[in-house]
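The sequence and the structure are shown first.

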Amino acid sequence: AVVNDEAAANLFPGEDPIGKRIYPTTNPDDPPWYEVVGIVEDAPAISLTDHPAPVVYLPMLHRDASGPSPGVLSYSVRTSLQPLSLVQPILAQVRELDPALPLAYVRTMKSIVREASARMAFTMVMLVLAASMALFLGIVGVYSTIAYTVSLRTAEFGIRLAIGARGEDLTRMVLRQGGTTVGAGLVLGLLGALATTRFMRGMVFGVSVRDPVTYAVVTGLLLVVALLALYRPAGRAAAVDPMRSLWPE
């Protein structure tokens, strides 16, 4: 028998399974014993997002089997050539063994993965659209809030400039205050993302839901966008005319 990593961990925790003997529970009174001769990596059986399940691979003609079923029998062929170019040579070999045996439903592994991930791809497209809309609304919200706050503090900025503050000082102050708000939002967003990762496990394949690179890139992108949204209001604060702000017409 050959077992996958999950079965090896469940059946022989902390031990080397090679050489161990196991038997299926289909016939507990007179069980057939199998020696473990190999270990293979976990692989999804039904869905790409399946949690790895313990799997034991037995010989096709093992003792409890009545023989291979033509309805479910399939072969995998690995090649460095164009996969579909081998269909005719394989068909010729099959006909040589048994002319009555049909060869049907030939697919490449790439097409199998594409079909299995079609629903996931649609879900991800919708999530990207929703995230893009959320990012746009966030940019508009940050810019509008800071711009409105700056407009309310025009007199304050005029007084600061009148008593000797420089325009770059006001720019740094607005960026610092707005950056504090943005930073708090990013921290809360990261905590919320970490808390909801268990709900995202069924939507991603081949990418960890706690991938640090993804979190770093997204956080950096949001931070840059937020700073760009803060830049214009900060520049507007630095350009305040003290005379007009203190004695508006």
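## Overall composition

Of the 249 residues in the protein chain, 19% are classed as buried; buried denotes under 20% relative accessible area, exposed over 50%, and partly exposed in between, with a 1.4 Å probe and protein chains only. The model is a predicted one, in which local features need pLDDT of at least 70 and side-chain atom pairs count only at pLDDT 80 or more, while totals for chains, interfaces and linings use all residues. Residues are numbered from 1 along each chain as its sequence is written, and side-chain values use heavy atoms, with hydrogens and water left out.

The protein chain contains nine helices and five strands, where helices (H or I, at least four residues) and strands (E, at least two) are DSSP runs numbered from the N terminus. Read from the N terminus, the order of elements is β-α-β-β-β-β-α-α-α-α-α-α-α-α. Among contacts (heavy atoms within 4.5 Å) between residues at least 6 apart in sequence, 66% join residues at least 24 apart.

## Surface

The protein chain exposes about 18000 Å², and carbon and sulfur atoms supply 64% of this area. Accessible areas come from the Shrake-Rupley method with a 1.4 Å probe; for residues, only the protein chains shown count as cover.

V77, L84, I90, L103 and V106 make a nonpolar surface patch of about 400 Å². Patches are made of residues with over 30% relative accessible area and no salt bridge, with like charges joined within 9 Å and nonpolar side chains (Val, Leu, Ile, Met, Phe, Trp, Tyr) within 5 Å. One of the patch residues, L84, lies in the loop between β5 (56–57) and α2 (87–97).

## Backbone at Y105

Y105 is not a glycine, yet it has a positive phi of about 60°. This residue is placed in the loop between α2 and α3 (109–116). With a relative accessible area of 67%, Y105 is exposed.

## Helix α6

Helix α6 has 29 residues and reaches 42 Å from its first C-alpha to its last, close to the 42 Å expected at 1.5 Å a residue; the expected span is 1.5 Å times one less than the number of residues. The buried residues of α6 include G167, L170, T171, M173 and V174. Further along the helix, G178, V182 and L186 are also buried.

## Salt bridges

A salt bridge requires a side-chain nitrogen of Lys or Arg within 4 Å of a carboxyl oxygen of Asp or Glu. By this rule there are five salt bridges. One of them joins the side chains of E115 and R107, at 2.9 Å from N to O. Both partners are partly exposed: E115 has 49% relative accessibility, and R107 has 34%.

In another salt bridge, the closest N and O atoms of R166 and E168 are 3.6 Å apart. R166 is partly exposed at 46% relative accessible area, and E168 is partly exposed at 40%. R172 forms a salt bridge with D169, with the closest N and O atoms 2.5 Å apart. R172 is partly exposed at 44%, as is D169 at 28%. Because R172 and D169 are three residues apart in helix α6 (residues 167–195), about one helical turn separates them. Salt bridges with shared partners join R166, E168, D169 and R172 into one network.
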